[in-house]
Amino acid sequence: MSNKIKVDLGDNSYNISFVEDFKDSIVKFALSTKSQCLLITQEKIFNLHKQKFDKISKTPNINILMISDGEQAKSFESINSIVSEMAKNNFDRSSLVFAVGGGVVGDVAGFAASIFMRGIKYVQYPTTLLSMVDSSIGGKTGINLKDGKNLVGRIYQPIAVEVDTNFLSTLPKRDFNAAFAEVIKYGFIYDKDLFDYLSENLSNIKNNDLNVIKKIITQCCEIKSDIVSEDENENELRMILNFGHTVGHAIESYTKYEELLHGEAIFYGMKCALFISNKFGNLNKDEYKKSLQLLSKFDLPNLSIDNKDIFINFVKNDKKFRGKNIRFILLDEIGKSRISKDITFEQIKKSLSVL
Ligand SMILES: NC(=O)c1ccc[n+]([C@@H]2O[C@H](COP(=O)([O-])OP(=O)(O)OC[C@H]3O[C@@H](n4cnc5c(N)ncnc54)[C@H](O)[C@@H]3O)[C@@H](O)[C@H]2O)c1
């Protein structure tokens with residue numbers, strides 16, 4: 001198993017590396033510059049790994065800043081507090097930002113780094129499974145507006161992604177479980193071998209076998225890295241990463257972001273996308289059944305969509321589709337996906353029967 005995966009983006013290329021201890025990695029980066037550095041994290045993560053953060057804080061040029069928890073942290077207020085802190089402490093163009101957290105910290109810290117002095121370098125230290133396999137890679141950064149998620153942001157690549165899997169030991173089981181939506185998604189859209197590996201290793205996954213988990217993270221990082229390297233700006237190929245997300249996002253909106261974690265909504269969204277791929281596309285019955293079977297092995301909270309018309313309005317209101325045909329990701333077979341412009345809202349409504 002390789003310890004380094006290259007995200008190949010010309011001058012903006014970087015490595016995803018597995019590290020023994022995030023503390024040593026951060027201190028090393030900080031010592032490589034004479035400028036001030038900012039470590040951005042959240043209180044929960046700080047407290048769970050306090051000893052290490054305390055050691056890091058002894059490095060003279062490292063400042064630590066906490067942002068709040070949850071989606072509300074992806075706000076202009078957080079960005080304001082970060083850039084103000086940097087300005088107050090005389091940060092300059094050689095300063096570094098360390099994002100130590102899940103997708104929320106990564107998105108906010110990356111966006112702040114991208115705009116301070118028109119862009120300073122940042123390093124991603126993902127602490128959730130979702131951020132290890134997905135959000136820390138590819139440079140999508142940003143914050144939310146009242147009108148929708150991730151409406152303000154930039155594609156701005158980190159200089160490195162440093163993965164310390166020890167963080168997973170403190171991650172709540174529910175977050176760990178939900179992240180498997182994105183993991184299985186990679187198998188569906190790109191890699192049948194990964195799908196088979198997941199199906200064959202379910203008990204090892206449930207028992208937190210770190211070797212198996214590391215292998216899965218590596219495979220996911222390689223896939224995301226391949227896709228981003230090919231299509232950094234999401235012109236075409238990168239869109240397949242949205243498999244299950246059209247319905248998944250509508251489920252998040254319908255349930256007001258209160259009942260389900262993102263990954264859990266994507267589990268449901270993928271069920272619908274599989275239904276559509278089978279009933280209105282090329283996915284054969286056998287693979288459809290096998291796919292639903294794998295999804296069913298992961299616990300999900302109950303979901304009931306009582307008003308299908310209201311639900312479909314959430315699909316229609318997806319910012320990505322305003323004034324455009326819906327672009328729906330279909331599976332032709334496990335490991336092979338495509339973008340279709342032919343799927344109708346009526347077909348999506350029918351797919352809710354699989355939930
Ligand atoms: N940039 C991208 O490409 C991309 C891709 C997918 C998702 N996202 C974004 O990622 C966000 C979701 O990320 P997430 O699922 O990582 O959630 P998150 O960042 O909100 O983290 C979930 C919770 O777990 C806590 N936590 C983090 N690491 C922990 C650890 N090791 N031990 C214990 N608790 C820990 C956090 O403090 C938080 O309370 C969303 O905002 C989504 O929009 C971005």
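**Exercise 1. In what order do the seven strands of the open sheet lie?**

Before we start, a word on the model: it is predicted, local features need pLDDT of at least 70, side-chain atom pairs count only at pLDDT 80 or more, and totals for chains, interfaces and linings use all residues. Residues are numbered from 1 along each chain as its sequence is written.

*Solution.* 
- Step 1: Know the labels. Helices (H or I, at least four residues) and strands (E, at least two) are DSSP runs, numbered from the N terminus.
- Step 2: Look for pairs. Two strands pair if DSSP finds at least two bridges between them.
- Step 3: Read across the sheet. The order is E1-E2-E9-E6-E5-E3-E4, with mixed pairing.
- Step 4: Find the edges. E1 and E4 are the edge strands, each pairing on one side only.

**Exercise 2. Describe how E1 is joined to E2, and which way the side chains of E1 point**.

*Solution.* 
- Step 1: Strands of a sheet pair through backbone hydrogen bonds, either parallel or antiparallel.
- Step 2: E1 (residues 4-7) and E2 (residues 14-18) run antiparallel and are joined by four bridges.
- Step 3: Find partners in E2. Val-7 has Tyr-14 as its bridge partner, and Lys-4 has Ser-17.
- Step 4: Inspect the turn. E1 and E2 make a hairpin with six residues between them, and Gly-10 in the turn has a positive phi of about 60°.
- Step 5: Sort the side chains. A residue is buried if 20 or more other C-beta atoms lie within 10 Å of its own, exposed if 12 or fewer, and partly exposed in between, with C-beta atoms placed from the backbone.

**Exercise 3. Which residues of helix H1 are buried, and why do they line one face?**

*Solution.* 
- Step 1: In H1 (residues 22-31), the buried residues are Phe-22, Lys-23, Ile-26 and Ala-30.
- Step 2: Look down the axis of H1. These residues fall within an arc of 100° (taken from the directions from the helix axis to the C-beta atoms), so they line one face of the helix.
- Step 3: Recall the helix rule. An α-helix has 3.6 residues a turn, so residues three or four places apart point the same way.
- Step 4: See what they pack against. Among the partners are helix H3 (50-56), strand E3 (37-42) and strand E5 (96-101).

**Exercise 4. Describe how H12 packs with H13, and how H7 packs with H10**.

*Solution.* 
- Step 1: Axes are lines fitted to C-alpha atoms, for helices over the stretch in contact, and angles run from 0 to 180 degrees between N-to-C directions.
- Step 2: H12 (residues 262-279) and H13 (residues 285-296) pack at about 175°, with axes 10 Å apart.
- Step 3: Name the arrangement. Angles under 35 degrees count as roughly parallel, over 145 as roughly antiparallel, 65 to 115 as roughly perpendicular and the rest as oblique. H12 and H13 are therefore roughly antiparallel.
- Step 4: Turn to H7 (residues 173-190) and H10 (residues 210-230). Their axes come within 10 Å and cross at roughly 50°, so H7 and H10 are oblique to each other.
- Step 5: List the residues that meet (in contact if their C-beta atoms, placed from the backbone, lie within 7 Å). Val-183, Tyr-186 and Tyr-190 in H7 meet Ile-216, Cys-220 and Ile-223 in H10.

Notes: Two residues are in contact if their C-beta atoms, placed from the backbone, lie within 7 Å.
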